[in-house]
Every structure is written in structure tokens, then in C-alpha cells.
Amino acid sequence: MWAPDHDRVRVRAGGRDRDMEPRPGGRWVLDGPPPEPGTDYAFLLGDDPEPLPDPRSVHQPYGVTGPSRAYDHSAFPWTDGAWTGRALPGAVLYELHIGTFTAEGTFDAAIGRLDHLVDLGADLVEVMPVNAFDGDRGWGYDGVLWYAVHEPYGGPDGLKRFVDACHARGLGVVLDVVYNHLGPSGATLHRFGPYFTGGETAWGPSLNLDGPGSDEVRRHVLDNALDRLRHFHLDGLRLDAVHALRDDGARPLLAELSARTEALAAGLRRPLSLIAESDRNDPRTVRPRAAGGLGMTAQWSDDLHHALHTALTGETHGYYADFAGPAVLPRTLRRVFLHDGGYSSFRGRSHGAPVDAAEDSGARFLAYLQTHDQVGNRALGDRLSASVPPDLLVCGAALVLCSPYTPMLFMGEEWAASTPWRFFASFPDPDLAEAVRRGRRREFAAHGWTDAVPDPMDPAAREASVLDWEEPATDPHRAVLCAYRELIALRRARPELADPRLDRFAVRASDDGRVLVLHRGPLRVACNLRPHPADAVLDAPVRRVLLASGEPRVRGGRLCLGGHAFAVAEVVPDDREQVDPTCDL
């Protein structure tokens, strides 16, 4: 136990308190055998009579304020000994939230739906945070015990059963982890030592990564990440909001994590991925450490989402204002970031840095139409399907799944789910609950939302967000699901569609930006975002159409598409194998 600010630390277990022995550096050790697996225990700091859970507890059967339970990782009967992993390049990710993926909201119930993901063609399941948080329902980003697994979902054994079942079906698992803040309810980590600085993030105090005592704080994070990967057999981690990690050390925490993860992957003999969520639009996040980067495997690209969302919906309020205009979508598809050094009106300053098409792989950037953030941070939690017709949704899917980027789907997107995805929580403190309600209203008002904001503390907010698994069997949901399956299958069958080389990728667009053609080797992906028929002019004659919505007509080097329609066509090969730089608008 690291508790440098205390002169006494005790362990309470088995009906008695035992004093721990002090060691240099603020460490405390227990003389004698530790509690047996299955034993409940807690810590007492100084003369404070309140027992506190272990900051590194894996199992919290009574919630985040109750005692911890000693847990033996070696006791779980894994069956995935032959699992060799899933690399991120070329993969399709599927983001899901355990608490709303099924009505039961548990790991075991989610296992019953994994075959759907296999049939869809997903490769990696990105699971939203399952660290222990206060209350029974929530998104998971308000966790306070990072090592523990949320008990209502099924606890640590439940997560292991889920991962084991995924591996049995050929699915890898990436777990969303949060190291930039603690939740506002039930947190006790700060009582053990200087885990936080006086600075603030948008969600609470900054983690102490470079001040006095920061060596142990960094170790707390690094050990957690590696323990998750090792003991839960995960295939990667998604790191939440790394831009909020304030770290002025000579060796950034993320670079150190990258190096240690690389070493662990070598020892496990399977790939391990680190996916960062970053608001910086900085390609150094995903560049190798040897090239001065942080060594992340990939990062989310919200600019790609914003450009696609604005083009499909026509929304231009809030941060979508910068993404209006006919040249935005083709430019962002080609360059990853719209804000790559230019002015961002939402931020009131210049933002970002350009991606190097010759050096930066497209596989290092995630592309998506929807995520938990971009849906859940809307006033009503309404999905694209609430405002965009199914055939236009499929056009958006074609642009994502046939791009050089790593595609990610948000649960239910593949069948145009009609259920919303809302922000919800269940903080026991009524004052905190009311503060969250007020905060959400203020936030939406600042972004120009005028809709009434559902009460996030009402259990109905979670219930409304649960997927309806009856929908995929009925149209138009069935038709959308079929299109997604066909697009993913084509991406697997034709490697050109997963080619991540950005210097081999081009985008042509009409003057209004509503008819686009992606160049993917000998393949052309044409999308008509207009509601009426339009011609997509190609650079070579069409040899054959591989996949299409509607019934496109071929006229030499033209594809005549219906309104809100796409087609993937193979053209007569060009021996020059060059990309025309004038294609980039």
C-alpha cells in the first residue's frame, strides 16, 4: 500500500485489524500472509475509523464504498489457449456498452449476442468502461476504482467469461479505460496519497503525472493497464481523453505505456493495441516513439465523424459549424483532420497539425458515423437514424467501410436502431444528482440545443437506451443490416478497400460535394448523397459493379446512381498505378 501522508495503516479482515509496517517512500507492507481469496478486507488510514476499499481492488461485491474482496486471477478456467490475437490494421471495430447492449445489462447476456457480431463481420469488440463506479447504471466514465470490474455487470469473472467467449468466436476485445479523472461519487483514492494535482480537467482534478509523488501515480496507471491486458486476456485498450492527461515529464506516460505494452505483446506472442481518444488532432499521437511520437496504435478522428455527420444531416450548429461547405467532406476524407493547423471557430484558435500521407498509415485513425459520445452528447441521445433515411445511412457506411481508415461501428448502427443512446447515471447523493442535471442543461444550452433534456438520473433514461433486438428482423432495419454485412464482406474479399496507404488514396467530388468517388486501387466507391439521381464521373471505364444499392447504370466511365445510393465498381486497370493529386479538393 502506498500511503505517504499517513503515520499508520491497518488492514481489516476476518474480524480483526492488523497493522502494516512502514517502508521507505511511503509504502506499507503487511507482515504475514495476505487475506485468502474470497476474504473481505479494507484499509484504515491513521486514526480515521472509516474502512476504505483497496485502491487496487479487483473485486467490489458491495459497491465502491464497501470492502474489497481478495481475488485470485489464476483460478479462472480460461479456454482460449490457442488464441493468437487480432491486429488493428484491417480490422472492423464494434463499440458496445454492456449495460445497454441487452436488457439484462450483463456480460453473460452480452455473450448471447456475440454471434450477431460474427455474422456482421466485426473483428474487435470495443467495450465501454467496466471499471467500478458508484450506483448500478451509468456510462462507466465516472469510475473510481480502476482495477475493479463493475459488479452489476458480473464482476471480474463476468468480464473474463465475456473475453473468453469472444475469443472462442474469433473476436478480439478492446477495453475502454479512463485515466484522466475519477468520478465525482465514491472516490477515495485521494485519501491515500497525492494522486491528483491542484489543476482541473473538464471532469475533475488533474492526475498527478509530473509532480511530487508522481512516480507512484504513474505506476498506478501503468500497472492497471498492463494488468488489464495480462489478467483479462484483452487485445487492446482504448484510452479515454488523453488530451486531459497533463504530463510535462521528459518521457510522456503514453510513450512509456506504449513501450511496456509492446514488451508485453512480445511475451504473450500476440498483438496488443492502444487506441487513444485525443482532441489535439496531432498525428504524433500515433507515430512511432523512435520518430518522436507517443507510439499509440491508433486514435479516434472526430473530424471525420463531424464531416460525415454534417454532410448527411445538414446540421451546422455547435461544433458542426466548421464542417459546412461542399469541400469539407472530400477534404477531410483525404486528410483525416479538417483542423490540421487552421482556424477552429469552436475553439476560437488555430488547431491541429497535418497528417503526412507518405508516412502516416490510415489504419492509425478510426473512422465512424456514430459513437457513444457523438450520439449520447446530443440532448435527446438521438441516433442518425432519427433524422437520416436508411438509404443515406448506408451511403455513409460505404464511405466509412471503404475508406483507408480503421472503421468502427456503434452498437445498433448496423441496423439503423431506432432506440436512442442517452446519458444516464445513478449517483446515490441527491445533491450530486441535481448538480449533474443542471450541468447537462447548461452544456446543451451552450451548444445551441433547444430540446428538453431528459433527466439522466431517471431509470427510464437507461431503459430507453437498451437495444431492441427484435428490430433487425424487420424492414427497414433488416435491409440496412444486410447492406452493412455486404460492405464488410466486400472489404474482406477485396484488400484494396482496407489498404491504409494514404498516398494511394484519392477523392473526387462534384462541385456541391454531394457526389463523391473514392479511389481504392482498381476500385471506385461512388456515393450520391443527393436525394435525386446523379452521375458519378469516373477516371476509367467500368469493368463490373461489385456491390451497389439501387440499380446503377453503367455508361462507359460513368455510374448513374439513384438518389441516396452507392456503388463499388472495378474499373479497367491503369498500368501507371498513380494517384492523381488533383483529385484532392
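1. Let's start with strand β5, which covers residues 40–45. This strand is mostly covered, since 5 of its 6 residues are buried. Please keep in mind as you read that the model is a predicted one.

2. Who are the neighbours of β5? On one side of the pairing list is strand β1, residues 9–13, which is joined to β5 by 5 bridges, with the two strands running antiparallel. You can follow this pairing residue by residue: R12 stands opposite A42 in β5, and V9 stands opposite L45 in β5. Strand β6, residues 68–69, also pairs with β5 in an antiparallel way, through 2 bridges. There, Y41 has S68 of β6 as its bridge partner.

3. Now have a look at β1 itself. Why can we call β1 largely enclosed by the rest of the structure? The reason is that 4 of its 5 residues are buried.

4. Strand β2, residues 16–19, runs antiparallel to β1 and is joined to it by 4 bridges. One of the pairs to look for is A13 with R16, its bridge partner in β2. The two strands make a hairpin with 2 residues between them, and G14 takes a positive phi near 60° in this hairpin.

5. You can compare that with a hairpin made by β21 and β22. Strand β21 (residues 505–509) and strand β22 (residues 515–520) run antiparallel and are joined by 5 bridges. The bridge partner of F505 is R520 in β22. In this hairpin 5 residues lie between the strands, and G513 in the turn has a positive phi of about 70°.

6. Let's move on to open space. The second largest pocket holds about 760 Å³ of space. Which residues lie nearest its centre? They are M1, Y41, F43, D54 and R56, out of a lining of 33 residues.

7. The most comes from α5, which gives 7 residues. By class, the lining of the second largest pocket has 19 nonpolar, 5 polar and 9 charged residues.

8. The structure holds 5 cavities of 30 Å³ or more, and the largest cavity has a volume of about 70 Å³. Its lining is made by G376, R378, A379, L380, G381, R422, F423, R440, F444, V453, P454 and P456. These residues divide into 7 nonpolar, 2 polar and 3 charged.

9. Next come the aromatic rings. How many aromatic pairs does a search of the whole structure find? The count is 20. One of them is F76 with W78, an edge-to-face pair with 4.9 Å from centre to centre and 65° between the planes. F76 counts as buried because its relative accessibility is 12%, and the cut-off for buried is under 20%.

10. Another pair is F107 with F162. Why is this pair described as tilted? The ring centres are 6.2 Å apart and the planes are at 45°, so the pair falls into the tilted class. This pair links distant parts of the chain: F107 belongs to helix α2 (residues 107–111) and F162 to helix α4 (residues 155–168), 55 residues apart. F107 is buried, with a relative accessible area of 0%, and F162 is buried, also with 0%.

11. Ring pairs link W139, F410, W421, F423 and F424 into a cluster.

12. Finally, take a look at F232, where charges and a ring come together. The charged end of K160 sits over the ring of F232, 5.3 Å from the ring centre. The charged end of R228 sits over the ring of F232 too, 5.5 Å from the centre.

Definitions and conventions:
Residues numbered from 1 in each chain as written. Predicted model: local features only at pLDDT ≥ 70, side-chain atom pairs only at ≥ 80, totals over all residues. Heavy atoms only, no water. Buried < 20%, exposed > 50% of the residue type's maximum accessible area, 1.4 Å probe, protein only. Pairing = 2+ DSSP bridges. 1 Å grid on protein atoms, 1.4 Å probe; cavity = no way out; pocket = protein on both sides within 12 Å on 5 of 7 lines; lining within 4 Å. Points joined across faces, edges and corners; volume = space filled by probe spheres on them. Nonpolar A, V, L, I, M, F, W, Y, C, P; charged D, E, K, R; others polar. Phe/Tyr/Trp six-rings, centres within 6.5 Å; stacked < 30°, edge-to-face > 60°. Lys NZ or Arg CZ within 6 Å of the ring centre and 35° of its normal.
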